[in-house]
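Subject: Structure for you to look at

Hello,

Here is the structure I said I would pass on. Please open it beside this email and follow along; my notes come after it.

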Amino acid sequence: QVQLVESGGGLVQAGGSLRLSCAASGRTFGNYAMGWFRQAPGKERESVAAISWSGGNTYYADSVKGRFTISRDNAKNTVYLQMNSLKSEDTAVYYCAARTGRSYSSRREAYDYWGQGTQVTVSS
């Protein structure tokens, strides 16, 4: 069982930056691949970024490539999402998710555990 708690969301102007954190419980964090998803009002939850258990492999949605960076610190049981050059279309609730297994996935169905989400609002 893994419990995930996101933090770092908030209100930012377009062009600004935010850093999201996701703290995981449990002592086997390193056995899980991790992902960040987001859901805007009236839209489906979509994959933003994902990272393998070691951090050696990452995935980014085309819409965030070059602006967002996912990373993890297994010693701190934490995964991060650095978001730069934010746009109004990045406004959404951002969710952290954990997938049993070491390889990442961009598929929502592949993840076993989810956090409660953190709101990111980008004003134009």
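**Salt bridges**

R67 and D90 form a salt bridge through their side chains, with N to O at 2.7 Å. This pair brings together distant parts of the chain, 23 residues apart: R67 sits in the loop between strand 6 (58–60) and strand 7 (68–73), and D90 sits in the loop between strand 8 and strand 9. R67 has a relative accessibility of 10%, so R67 counts as buried. D90 is buried as well, with a relative accessible area of 1%. R67 and D90 also belong to one network with R38 and E46, joined by salt bridges that share partners. Please keep in mind that the model is predicted.

D90 has a salt bridge with the side chain of R38 too, at 2.9 Å from N to O. Here again distant parts of the chain are linked: R38 is in strand 4 (residues 32–39), D90 is in the loop between strand 8 (78–83) and strand 9, and the two are 52 residues apart. R38 and D90 are both buried.

How many salt bridges does the structure hold? There are four. One of them pairs D62 with K65, where the closest N and O atoms are 3.2 Å apart. Are D62 and K65 buried or exposed? Both are exposed.

**The disulfide**

A disulfide is a covalent bond between the sulfur atoms of two cysteines. The count for this structure is one disulfide. It joins C22 to C96, with an S to S distance of 2.1 Å. The torsion about the S-S bond of C22 and C96 is about -75°, so this disulfide is left-handed. Which strands hold the two cysteines? C22 is in strand 3 (residues 18–24) and C96 is in strand 9 (residues 92–100), so the bond ties together parts that lie 74 residues apart in sequence. C22 and C96 are both buried.

**One serine**

S47 belongs to strand 5, which covers residues 46–51. Why does S47 count as buried? Its relative accessibility is 12%, and buried means under 20%. Apart from neighbours within four places in sequence, S47 is in contact with W36, F37, Y59, A61 and S106.

A way to go through the model is to start at D90 and find its salt bridges with R67 and R38. After that, look for the disulfide between C22 and C96, and then for S47 in strand 5.

Regards

Methods. Residues numbered from 1 in each chain as written. Predicted model: local features only at pLDDT ≥ 70, side-chain atom pairs only at ≥ 80, totals over all residues. Heavy atoms only, no water. Disulfide = S-S within 2.5 Å. Helix = DSSP H or I, 4+ residues; strand = E, 2+ residues; numbered from the N terminus. Buried < 20%, exposed > 50% of the residue type's maximum accessible area, 1.4 Å probe, protein only. Contact = heavy atoms within 4.5 Å.
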